[in-house]
Amino acid sequence: MLPRIAIIGRPNVGKSTLFNRLAGRKLAIVDNTPGVTRDRKEVQARLGGRDVLLLDTAGLEEAPPDTVAGRMRASSEVAIRQADLVLFVIDAKAGLTPSDRAFAAWLRRQPAPVLLVANKTEGRGGGMAAMEAYELGLGDPVAISAEHGEGIADLHSTAAEMLPEEEDAEARDRDRPLRLAIVGRPNAGKSTLLNALLGEERMITGPEPGLTRDAVAVQWEDDEGKVRLVDTAGMRKKARISESLEQMSVGATIAALKEAEIAVLVLDATLGMDEQDLRIARLAEREGRAVVIAYNKWDAVEDRAVARRKLEDTLQTSLAQLKGITVVALSAITGKGVDKLMPAVRQVMERWNRRIPTGELNRWFEGAVARHNPPLADGRRIKLRYATMPKARPPTIAIFGPRAEDLPEDYRRYLVNSFRDAFDMPGVPIRLHCRGGKNPFVEE
């Protein structure tokens, strides 16, 4: 297990900026609005020559447990209890606050070692401002500027010294995890589903729409192996997105979708599938990602036969490019049906990753062409010679022959659907490339 380092502090002291700096890339949304980070975000990074797991947490605030701020604090406290090292970040420019002092007193009672980080110490007088942090009784503060990169080398070396010793005998499983993105509209139950899969309250949930603002990755392991789950912010219609913060949230969701292998599209079964859900599914298909639909809130549906029929009709008429898409009806809040999701995802992953041998592929291709000859193009016959599969993830077919590039769209769809049926690949995006050969007897 990699050592876990939790970055904590009150809102707007620069935790996410420091997280991005240590991770080496912009993973967490950074904005001047306090409380942008609401869920624990984690990433593997290298710190002082050691591989570590960095955790960006929500701001520590005094708040009742049933409020959003209270649930954010509870999530941060879980991260602290699981951490091997805590980076307690304060704003040296603003000076110590009663909240800083209260949380420092609480941290002194926790088992994990704490490294005090005085952020925003750039410019003249920055080092002197950091001296005030000695009052907290957490040892020597490390003065940094996360935004400008000052003092980061000292932070690396000091943090590495405070980490537990590496165990040489510990074997690490370096198998690449399945990368899974959970996407959908706001309030469809994405974070509740992630919590149900993990068996813990990992994400902040509640009736308020838009609680998740960033794409939050979680390392997990099911019965089949490692999984990298990414919970994303809800995607509304583009016309309704006005705030820059929400624009960044949607950008993070799209980036997470591009990095994923499988997208779990969470639908609210009480509302059915609308145009925005279709847009998200089409976006995943354009990115070449296989899609599994989690039909959530199934326990609240009164007429289930009608709900299923409506969904099937919508998928058949409006999402033909993902013909046969897998649908898992479940209730994330009660846990019913959630155990069926990952087996379905693993099955779709096998299809998405499958390579067809060239001989088997061309036997299908010859039969498909024989059953339905290509139409004429400009009065001339199109001769299709052979097919290859240059890559999987998603399955990609290349077809060669004179004037193959002139194949009409309906014949291309015929070949894709024939390939999908022949090799049992429902719900998987399939790419078809047609490449014609030059006629040496025709002058250019």
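Guide: Arg 304 is partly exposed, with a relative accessible area of 37%, where buried means under 20%, exposed over 50%, and partly exposed in between (1.4 Å probe, protein chains only). The model is predicted, so that local features need pLDDT of at least 70 and side-chain atom pairs pLDDT 80 or more, while totals for chains, interfaces and linings use all residues. Residues are numbered from 1 along each chain as its sequence is written, and side-chain values use heavy atoms, leaving out hydrogens and water.

Arg 304 belongs to helix H9, which covers residues 304–318; helices (H or I, at least four residues) and strands (E, at least two) are DSSP runs, numbered from the N terminus. On the surface, Arg 304 gathers with Arg 308, Lys 336 and Lys 340 in a patch of positive charge. Such patches are made of residues with over 30% relative accessible area and no salt bridge, with like charges joined within 9 Å and nonpolar side chains (Val, Leu, Ile, Met, Phe, Trp, Tyr) within 5 Å. Lys and Arg count as positive and Asp and Glu as negative, while His and the chain ends are not counted; the place of a charge is NZ of Lys, CZ of Arg, CG of Asp or CD of Glu.

Let us turn to the salt bridges, each of them a side-chain nitrogen of Lys or Arg within 4 Å of a carboxyl oxygen of Asp or Glu. The structure holds 15 salt bridges, and Arg 179, Glu 261 and Arg 393 are linked in a network of them. Glu 261 pairs with Arg 179, their closest N and O atoms being 3.7 Å apart. Because Glu 261 lies in the loop between helix H7 (244–259) and strand S10 (262–268), and Arg 179 in strand S7, this pair ties together parts that are 82 residues apart in sequence. Glu 261 is buried at 2% relative accessible area, whereas Arg 179 is partly exposed at 23%. The side chain of Arg 393 also meets that of Glu 261, at 2.4 Å from N to O, and this pair links distant parts of the chain, 132 residues apart, with Arg 393 in the loop between S13 and S14. Arg 393 is partly exposed, with a relative accessible area of 25%, and the peptide bond from Arg 393 to Pro 394 is cis, with omega near 0°. For comparison, most peptide bonds are trans.

The strands complete the picture. Six of them form an open sheet in the order S2-S3-S1-S4-S5-S6, with mixed pairing. Strand S2 (41–47) and strand S6 (142–143) stand at the edges, each with a single partner strand, so one side of each has no neighbour in the sheet. Two strands pair if DSSP finds at least two bridges between them; S4 (residues 85–91) and S5 are parallel and share six bridges, and Val 89 has Val 117 in S5 as its bridge partner. Strand S5, residues 114–119, has six of its six residues buried. In a regular strand the side chains alternate between the two faces of the sheet. Both faces of S5 are covered, with Val 114, Leu 116 and Ala 118 buried on one side and Leu 115, Val 117 and Asn 119 buried on the other.

Note on methods: Accessible areas come from the Shrake-Rupley method with a 1.4 Å probe; for residues, only the protein chains shown count as cover.
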